[in-house]
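I opened this notebook to record what I looked up in one protein model, entry by entry. The sequence and structure come first, and my notes follow.

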Amino acid sequence: MNLNGRGRSLLALVGLLLVGTLVAVPGVQAFEGRGGDVVTIGPDEVIEDDLYVGAGTFTLEGTVQGDLVVFGGTLTINGTVEGDLIAAGQTVVVNGTVEDDARVAGYAVTVPGSIADDVIAAGFSLETEEGASIGGDVVYAGYQALLAGGVGGDLQAGGGAVRIAGTVEGDARVDVGGTEEGETIPPFYNFMPNVPTVPSVPGGLTLAEGAAIGGDLTYTANFRADVPGGVVAGETDFNEYVRDVPEREERRPPSLAAKAARWLFRQLRRLASFVLIGFLTMWLVPGWTRTLARNVEEKPLPSLGWGVVTIGVFLAGMALLVLVSVLLTVVFGAVTLGGLAGRFAVLGGIVTTTAGFGFSIIWRYITTIVVGLLLGQLIFRALNSSAEENRWLPMLLGVVILIGITAVPVFGWLAKLVIVLFGLGALWIWGLEALGGPQPAEPAAHA
């Protein structure tokens, strides 16, 4: 289900708030940490500080006198949280009492209990059951929301399906633009293994008999909602959803000339990107780039084989980085070193992101530039041209040819794969030589 501009903005706002929370949390020093497959806080247990938990299944029966920060699979709050609740999991259920704000993210978020202040939530489904109480505002972004409880402040919701069956004492602003009338979640969703069961909410905005909105109702949708008399105390403002692209243009299939123009524009944009990075590479590290091209020329079969090895090593290395980051964060969090846990989490994220970004630049651009340089050199060599030794011309000619080859449907993907393997293998060989390691053997080509 696609959100329009307002819905996406709302979702972005919720995401930023949740991320900001995660970044800010590790700086707190006075807290208690718990972790494990199953973590339960008993009914007679009182946590006098903030509580941080990472668990597959977490249940709070007792009392947390500070904030509760919990991440995991199934999270159930049956007791009392005297501070804020910050939770992210597959299933989050608040049966008990939260005496301050709740910031929650999950596939299925259910609130049968009481939250004294604001609720900021994101996920697939939010349900506040009849008798549930939220003292402040509710801000939600996700697929669907069924609001049968009471909201003491304003409601702001964006998604595909929103049903108000309870009370909203303030204003209600709902954005369900882009949803067609009669849409619901596919029936098989509630029968998928390991996926929580959620209610089926009709697409768009619906209001039940007996619902009550104390302020104004403003909603954006494809179609008008059926608003029972007396439900909205203030004014009702309907804004018809307008697609970003006019319907006539959307329905008209593009002409062959338009398709060709778009294809040509994409290829020119690709060419400009590769040429720009190619010129930077040949300007900053020309010797290194020529060395990689020479490795491909002199050791083509080992380059292919080591290219496969490089991809495997990179994937294994990324998995190891993530695992080590998580383990260090959990270990240091468990011994109540919150500052160190947070720093390891941030450091792990930076290292993993940097490694992924660097590798993407190499396989997407550098491999093509290296193979393109070699191709240009071979062409000028065959023509007995002195341009073979030029810093720029062989790279430019080769890249232009490779962009044309890789633009061909189906064959282009195969060509790009071969180019990537050649380039990565040449880089691996260069690395072994730079470290003074053994020279790659010919059988590596069959890896």
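**Entry 1: Asn 384**

I began with Asn 384, which counts as exposed at 72% relative accessibility, where buried means under 20% relative accessible area, exposed over 50% and partly exposed in between, with a 1.4 Å probe and protein chains only. I found Asn 384 in the loop between α6 (338-382) and α7, and I noted that its phi is positive, about 55°, although Asn 384 is not a glycine.

**Entry 2: what kind of model this is**

I wrote down that this is a predicted model, in which local features need pLDDT of at least 70 and side-chain atom pairs count only at pLDDT 80 or more, while totals for chains, interfaces and linings use all residues. Residues are numbered from 1 along each chain as its sequence is written, and side-chain values use heavy atoms, with hydrogens and water left out.

**Entry 3: the whole protein**

I listed eight helices and 22 strands in the protein; helices (H or I, at least four residues) and strands (E, at least two) are DSSP runs, numbered from the N terminus. Of its 447 residues, 43% count as buried. The accessible surface comes to about 22300 Å², and 62% of that belongs to carbon and sulfur atoms, the areas coming from the Shrake-Rupley method with a 1.4 Å probe. Among contacts (heavy atoms within 4.5 Å) with a separation of 6 or more, 38% are accounted for by residues 24 or more positions apart.

**Entry 4: Val 410**

I then turned to Val 410, in the loop between α7 and α8. Val 410 also has a positive phi, near 65°, in a residue other than glycine, and it is exposed, with a relative accessible area of 62%.

**Entry 5: α3 with α7**

How do helix α3 and helix α7 pack, and at what angle? I read that α3 (residues 256-284) and α7 (residues 393-406) pack at about 150°, with their axes 10 Å apart; axes are lines fitted to C-alpha atoms, for helices over the stretch in contact, and angles run from 0 to 180 degrees between N-to-C directions. The pair is therefore roughly antiparallel, since angles under 35 degrees count as roughly parallel, over 145 as roughly antiparallel, 65 to 115 as roughly perpendicular and the rest as oblique. The residues that meet include Leu 271, Phe 274 and Val 275 in α3, and Leu 396, Val 399 and Ile 403 in α7. The contact divides into 10 nonpolar residues, three polar and one charged, where Ala, Val, Leu, Ile, Met, Phe, Trp, Tyr, Cys and Pro count as nonpolar, Asp, Glu, Lys and Arg as charged, and the others, Gly among them, as polar.

**Entry 6: α4 with α8**

For helix α4 (residues 286-298) and helix α8 (residues 411-434), I noted axes that come within 8 Å and cross at roughly 110°, which makes α4 roughly perpendicular to α8. Trp 288 and Leu 292 are among the α4 residues in this contact, and Phe 422 and Trp 430 are among those of α8. Here the residues divide into eight nonpolar, two polar and one charged.

**Entry 7: strand β3**

Lastly I looked up Thr 59 and Gly 56: Thr 59 lies in strand β3 (residues 50-60), and Gly 56 lies in strand β3 too. Thr 59 is buried, with a relative accessible area of 17%, whereas Gly 56 is partly exposed, at 33%. Leaving aside neighbours within four places in sequence, Thr 59 is in contact with Val 39, Thr 40, Ile 41, Thr 76 and Asn 78, and Gly 56 with Gly 36, Asp 37, Gly 72, Gly 73 and Thr 74.
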